Amino acid sequence: MPKQTMTRKASDNVYLHKDFHGALSNGIEYIHEKYGAEAVRDYLRQFAGTYYAPLKEDLIRRGLIALKEHYDKIFKAEGGKVRFTLSDCELQIEVETNPAVQHLRAQKIPVARLFSETIRTVGEELCAGTPFAVELLAYDEASGRYAQRFYRKA
Amino acid sequence: MISCTEFIPAYSELFKFLEAKDGPKAVLDFWNYLSDRFLNNLRDLVTANGIRGCWLYWSRTLNEEAADFTMELDEEAGTFRIVMTHCPSKGRLMEYKHITPYHDYCGHCDVLYRRVLEPMGYEYTTDLSKCDQAKCSVVIKRKEQ
């Protein structure tokens, strides 16, 4: 049988590897099992505080439009169905199709019990130290459908 | 939601978090856990297709990850190679100005895949000497019967 070779450049493909949702779900479940629920939140605060530092600066500088643009970009990249309602003081995000949970369910990869913290805790960390706050209004465990409200603190 | 396009920094921070909790062994324990629970797709493909299973597995993942690579499958010799000329994961981590990658970030690949393939009768050899340039190589070879 002849040898087979494949050569690719980064520019040949779009960067979208949805199995990463499964690795994250496993990571969250591992921390939960080994160190408890609060450790999951500590980890997500550490991640969000580090990775989203530029986004947080943008939120302070430009307001809620920064978050709207961020979430719009990632939901478009992943093919999620989402509706944004934005005013000066409030951004409501209603996610009809959650690409992360949809992928996990389709691939029969277990969804971590605290997977919703990737929304709740990350949102809270994004707002920490800014004039904004956030609440998770609804979250459906089965589908990952959720509604989240960011708002300017009084 | 954390997008899959944001996973790599989340992964690196997870390793840092675990090491801060319980030292390097905590990171190794997690890699073993992840290999056992999450790499069933690789395990199943190699069980069903032999060394070609490696080709099938990595031809999907490396394309989805938009890597710069060359893969070679030689079924007669029982070998599969990857030469990674630019790893998308390590490359991304190195591009971020505000993030310091976990010091042994590239170690996870070696542990995760070796743990699947060696018990199935394959030798797994990797060269991580240039991983600070987001380059590495892997050779997987069927062991002689």
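## Exercises on a two-chain predicted model

Across the interface of chain B and chain A, four salt bridges are found. The model is a predicted one.

**Exercise 1.** Describe the contact between chain B and chain A, starting with its salt bridges.

*Solution.* 
- Step 1. Take one bridge: the side chains of K9(A) and D68(B) meet at 3.9 Å, N to O.
- Step 2. Take another: R37(B) pairs with E33(A), with the closest N and O atoms 4.0 Å apart. This pair runs between chains, from helix α2 of chain B to helix α1 (residues 20–35) of chain A.
- Step 3. R37(B) is partly exposed because its relative accessibility is 48%. E33(A) is partly exposed too, at 44%.
- Step 4. Count the residues: 49 from chain B and 53 from chain A take part in the contact.
- Step 5. Give the area. About 4,900 Å² is buried between the chains, and carbon and sulfur atoms give 60% of it. In chain B, M1(B), I2(B) and C4(B) lose the most area to chain A, together 18% of what that side buries.

**Exercise 2.** Is D58(A) buried or exposed, and how far apart are D58(A) and R61(A) in helix α3 of chain A?

*Solution.* 
- Step 1. The side chains of R61(A) and D58(A) form a salt bridge at 2.9 Å, N to O.
- Step 2. The two are three residues apart in helix α3 (residues 53–62) of chain A, so about one helical turn separates them.
- Step 3. An α-helix has 3.6 residues a turn, so residues three or four places apart point the same way.
- Step 4. D58(A) has a relative accessible area of 14%, so it is buried. R61(A), at 61%, is exposed.

**Exercise 3.** Why is helix α6 of chain B largely enclosed?

*Solution.* 
- Step 1. Helix α6 spans residues 107–117 of chain B, and eight of its eleven residues are buried, so the rest of the structure largely encloses it.
- Step 2. Among the buried ones are H108(B), Y113(B) and L117(B).
- Step 3. Their partners include α1 (7–22), α2 (24–38) and β3 (122–127) of chain B, against which the buried residues of α6(B) pack.

**Exercise 4.** Which residues touch the most other members of the largest nonpolar core?

*Solution.* 
- Step 1. The core has 98 residues; Y71(A), F30(B), W58(B), F80(B), L117(B) and I140(B) touch the most other members.
- Step 2. α1(B) gives the most to this core, with eight residues.
- Step 3. Follow Y71(A): among the residues it touches are F84(A), I93(A) and M1(B).

Note on methods. Residues numbered from 1 in each chain as written. Chains lettered and ligands numbered in written order. Predicted model: local features only at pLDDT ≥ 70, side-chain atom pairs only at ≥ 80, totals over all residues. Heavy atoms only, no water. Buried < 20%, exposed > 50% of the residue type's maximum accessible area, 1.4 Å probe, protein only. Helix = DSSP H or I, 4+ residues; strand = E, 2+ residues; numbered from the N terminus. Contact = heavy atoms within 4.5 Å. Core = buried A, V, L, I, M, F, W, Y, C linked by side-chain atoms within 4.5 Å. Buried area = accessible area lost by both parts, 1.4 Å probe.
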